[in-house]
Structure formats: C-alpha cells, structure tokens
Amino acid sequence: MSKQDNLNTSVQEPPLDYSFKNLHAPKLHFVPTDMEDEEPRAGLRPVKHSKSGKSLTQSLWLNNNILSDLRNFSQVVSQLLEHPENLAWIDLSFNDLHSIDPVLATFVNLSILYLHGNSIQRLGEVKKLAVLPRLRSLTLHGNPIEEQEGYRQYVLCTLPRITTFDFSGVTKGDRTTAEVWKRMNIKPKKLQVKKAL
C-alpha cells in the first residue's frame, strides 16, 4: 500500500478521540506510561489499528481537557498513529493553551485545526500556521485574541488559503475586507538595500 493509499484510506477512519479525559500537560508529557493506559473514547465505528497496534486514522481529538502546552506532542502522535505524517485534523479546543505551539506547523498535511476556547492572547501567534499548505479550516474564537481589533481580517490576511474560519465560510467579501484592512493597518517591510562599500 502506497503512502497516498494510506492517506486516502485513513481519512475515512473515525477520529482517535481523547476528549473529556482530564488530560493535562504533564500527563501528555509522560506518554509511555500515562497515555497508553488511557483508552480513547469509543465512537459509532471502531478505529482500525495496524499490525503494530497503532491507529490508522488522520484525526486526533484532545478537546475538553486541561492541556496548557504541547510538550512532546510529536512523540505522542508518533506513538498513537501508524502514519503521523498524515495527520489532517487536530482538535485542541477547550483546553488551556496560551500560545500556538510551533509543533503544530510540523504536520504539513493538517487541514483542520480547532483551537477555540483556549487562552491564546497574542494575535501574532497565528503567523506560526502560515507554513501549513493544506490548512483550510481553523477555529480561534473564545480566545482573548478574539477581542482584538481586526481579529478576523488579520487571520484571513495571514492565512489566505483557509476557507472556513470560526465555523463560518470565508467569502469573497471577507477576503476583500481583509485586504483593505491589511493595506490600512499593516506596514510593508522595507526592502533593505545593501550599501556598497
């Protein structure tokens, strides 16, 4: 089975659901002992597993826990999923994250990221997600950054490929408004010309 076949097969698999498990950063940190003992929530369809016992899914739900950071998140994903490089959907909503951890930008196939209901305070954190080529759906509402002026426009300018933001479709009008806002509020970086010696 090719890597592309794995990508197509696992996208239809149910999520590996660790929501409402009272997980916190130290527990996530000690994956070999704590997370392996924690059973994911059962869904309508069971998650399939590889011969090695790892899950064959592209979706990981860790919402409604008390995670304050994503220490060792890559290792957690590698221990849980057969193909961690194919992770396409991460739900970290309703935790206690104060920033967008750069580790999220390492999952290049990520297309859905839920971060709503956390404690993210700096709008500039969104820039960390700009490197994700397949990111199409993002949630950030319910974070302190939502109260900042130009919140929606800033996110749409920073992440021009997303099609859904905070569970609302991004329209042509949204894009136009974001571009106008950007021209009025974000100063372009000046080109630095090297002086001849």
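**Before you select**

Residue numbers start at 1 in each chain and follow the sequence as written, and side-chain values rest on heavy atoms, without hydrogens or water. Because the model is predicted, local features need pLDDT of at least 70 and side-chain atom pairs count only at pLDDT 80 or more, while totals for chains, interfaces and linings use all residues.

**Stop one: the whole structure**

Show everything. A search of the whole structure gives five salt bridges. The term requires a side-chain nitrogen of Lys or Arg within 4 Å of a carboxyl oxygen of Asp or Glu.

**Stop two: D69 and R71**

Select D69 and R71. They form a salt bridge, with 3.0 Å between the closest N and O atoms. Now check accessibility: buried is under 20% relative accessible area, exposed is over 50%, and partly exposed lies in between (1.4 Å probe, protein chains only). D69 is partly exposed at 24%. R71 is also partly exposed, at 38%.

Select E125. Is E125 buried or exposed? E125 is buried, at 6% relative accessibility.

K128 pairs with E125 in a salt bridge, and their closest N and O atoms are 2.6 Å apart. K128 is partly exposed, at 30%.

R122 is exposed, with a relative accessible area of 54%.

**Last view**

Keep R122, E125 and K128 on screen together. Salt bridges link these residues in a network.
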